[in-house]
Amino acid sequence: MTTATAPIDSTRSPAGALTRRRRSRDLLKHLGLGVFVLLMVYPLVWMAVSAFKPGHLILTQPGLVPRDLTFDNFVQGWNALNRPFSVFLVNSLLVSVGSIVGNLFSCALTAYALARLEFRMRKVYLAVTLASVMLPLHVLVIPQYIFFSQLGMVNTYFPLLIPKFLATDAFFVYLMVQFIRTIPRDLDRAAWIDGSGPFRTFWYVILPLMRPALVTTTIFTFIWTWNDFFVPLIYLTSPKMFTVSVALSSMVDSQSQDGVGMLFAMSLVSLLPVLAFFAFAQKHLIRGIATTGLK
Amino acid sequence: MATTRSRRPRASKLHSQGLAAHIFLIPWQLGLLLVTAIPLFASLYLAFTDYNILSSPEFNGLENFRRMFSDEYFWASVRVTLVYVFVSIPLQLAFALLLALILDRGLRGLAFYRSAFYLPSLLGTSVAIAILWRQIFGDDGLINQALGLFGVHGESWLQNPATALSTLIVLNVWTFGSPMVIFLAGLRQIPEELYEAARVDGATVVRQFTHITVPLLTPIIFFNLILQTIGAFQTFTQAHVVSGGTGGPANSTLFYTLYIYQQGFANFDMGYASALAWVLMIAIAVVTAIHFILSKYWVFYGDD
């Protein structure tokens with residue numbers, strides 16, 4: 001950073017020698033990190049490039065530059081499952097948007113009550129919320145499945161969405177509670193004195209100030225729901241209801257080695273929304289996980 | 001602030017707050033009851049029954065737990081999951097910490113590196129990446145192509161029971177970005193004055209690292225350890241996709257949750273699956289508790 005203003009004889013002064021040593025050390029770091037980044041993203045690049053290669057060449061022709069560029073994989077992959085892949089993309093989008101709405105609605109209400117309102121069970125409820133973060137889904141999923149199947153909800157999105165509207169993603173409740181605690185109490189008090197009850201205070205004061213926490217919740221809910229496989233796999237058995245992850249997995253089961261191109265093409269398509277979200281919100285995302293430890 | 005004038009209205013406000021709180025908490029309370037508490041106890045009950053979803057559950061005492069002892073698949077899944085957790089988590093956290101230390105303290109391009117390293121942890125649990133992994137470690141996959149350049153002819157890493165699990169360990173290590181970002185945030189919290197004071201006292205870089213950085217970072221290491229361990233116990237997608245749902249070859253990728261899925265949703269042996277799930281939950285609780293107990297000996301929470 002100081003290169004532009006560094007004195008000309010910097011090499012002779014001891015301080016100059018220090019910055020020089022530091023600079024060459026940084027250069028070494030960059031070199032090492034660069035190689036490592038390459039190694040880390042190489043699999044992704046390989047997939048992206050391979051998606052544009054003719055299927056039979058992917059595993060026989062190494063190297064990144066495709067000699068015969070083709071969109072065949074996308075065209076074939078798009079229709080590989082008897083219905084266009086757009087069906088699954090729309091399904092995933094529906095589930096993701098529904099989950100986002102559910103989480104924002106239910107977690108914000110819950111977090112406000114736990115963070116700001118005085119009531120007897122507050123500490124207990126907070127502890128229960130924290131404890132439920134650690135509860136593995138697998139210990140609940142069998143009775144949940146029985147319950148939803150008795151209600152005739154298998155092959156609908158209700159089993160995927162109802163829990164989101166009931167604040168069961170305790171992670172986000174916790175995140176929002178932590179965030180609300182950083183909002184100065186004076187703001188609530190001012191609204192209070194002006195005669196606002198808890199509902200108006202929540203809606204007009206706290207909710208607008210919670211925006212960063214709401215954005216973090218939106219981003220992570222989207223990515224997690226989009227990637228989720230276990231829950232859709234259990235509840236969605238009819239192909240027309242498949243989300244992208246279930247559709248992809250059923251493609252794996254039905255493909256031979258020649259289908260690699262198609263698989264890569266559709267995998268790439270399935271990752272695009274996540275990549276787009278990442279590009280769009282990466283700063284926010286990283287701040288979000290740095291403060292809360294979400295994955 | 002608290003004047004005598006406001007005392008009486010505050011009492012009534014407190015009451016109305018209690019009422020409001022319960023209205024705000026309606027969704028949460030419903031969720032706790034219907035989605036968490038009732039299923040939790042229902043699965044505890046089912047764990048002591050024989051239940052195939054078609055006929056009603058039949059109480060069979062400890063039979064499900066007795067069955068586990070003689071079930072070779074159960075033991076295989078326990079072994080696979082424990083190896084996975086206890087190998088991949090230390091490796092993943094070591095990478096995360098190392099890279100965080102390299103990136104800390106004013107290296108240019110931090111934002112770029114951070115994003116590049118973080119990206120895999122967003123994608124890591126997707127089916128698409130599991131598909132990619134199948135190909136990377138397959139017969140003619142990326143790894144064997146690379147080995148081919150050196151004249152080594154590799155075989156499929158996924159069809160060999162000795163190496164199949166390690167490909168998934170590599171996948172988990174690949175997602176070291178999210179603990180790394182948390183480490184970076186933790187490193188920022190360490191006051192620069194501590195390092196300055198240490199330098200004045202003539203402490204070497206190594207001593208600064210072992211006496212300032214590491215102790216002050218131990219709460220973050222602990223946090224990451226707990227979080228990643230709990231997550232790793234529940235790994236499912238990768239194992240399911242990579243093995244085609246079988247946990248093969250030779251049960252080498254039969255993760256515990258995959259086995260629960262097979263028993264519960266392929267065989268519809270839901271009593272046994274519930275018992276398995278409870279064992280998983282207790283195992284996670286025990287491991288977490290052990291971590292907390294051990295943390296007294298190595299996690300540094302300041303001098304208070």
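Guide: Start where the chains meet. This is a predicted model. In it, 64 residues of chain A are in contact with 73 residues of chain B.

Visitor: Which helix gives the most to the side of chain B that touches chain A?

Guide: Helix α2 of chain B, residues 26-46, with twelve residues.

Visitor: How do the residues on that side of chain B divide into nonpolar, polar and charged?

Guide: Count 49 nonpolar residues, 22 polar and two charged.

Visitor: Now a single chain. What are the domains of chain A?

Guide: Domain 1 covers 3-73, and domain 2 covers 76-292. Their contact draws twelve residues from domain 1 of chain A and ten residues from domain 2 of chain A.

Visitor: Which helices of chain A each supply at least two residues to the domain 1 side?

Guide: Look at α1 (14-50) and α2 (72-78) of chain A. On this side of domain 1, α1(A) gives the most, with three residues. By type, the domain 1 side has six nonpolar, four polar and two charged residues.

Visitor: How should I read a nonpolar core?

Guide: Start with the general idea. In soluble globular proteins, nonpolar side chains tend to be buried together. Here, the largest nonpolar core has 110 residues. B:M180 and B:A277 have the most contacts inside that core. Helix α4 of chain B, residues 72-103, contributes the largest share, eleven residues.

Visitor: Why does this core lie between domain 1 and domain 2 of chain A?

Guide: Because domain 1 (3-73) and domain 2 (76-292) of chain A both give residues to this core.

Visitor: What does B:A277 touch, leaving out residues up to four places away in sequence?

Guide: B:A277 touches A:H138, A:V139 and A:I142 in chain A, plus B:S43 and B:I260 in chain B. There is also a second, separate core, of 35 residues. Its members include A:L104, A:I206, B:L25 and B:L32.

Visitor: Where is A:L268 found, and what does A:L268 touch?

Guide: A:L268 is in helix α13 of chain A, residues 260-292. Not counting residues up to four places away in sequence, A:L268 touches A:M47, A:A48 and A:A51.

Visitor: How many residues apart in sequence are A:L268 and A:V97?

Guide: They are 171 residues apart in sequence. In space, A:L268 and A:V97 are 21 Å apart, C-alpha to C-alpha.

Note on methods. Residues numbered from 1 in each chain as written. Chains lettered and ligands numbered in written order. Predicted model: local features only at pLDDT ≥ 70, side-chain atom pairs only at ≥ 80, totals over all residues. Domains from an automatic or database assignment. Contact = placed C-beta atoms within 7 Å. Helix = DSSP H or I, 4+ residues; strand = E, 2+ residues; numbered from the N terminus. Nonpolar A, V, L, I, M, F, W, Y, C, P; charged D, E, K, R; others polar. Core = buried A, V, L, I, M, F, W, Y, C linked by C-beta atoms within 7 Å. Buried ≥ 20, exposed ≤ 12 C-beta atoms within 10 Å, placed from the backbone.
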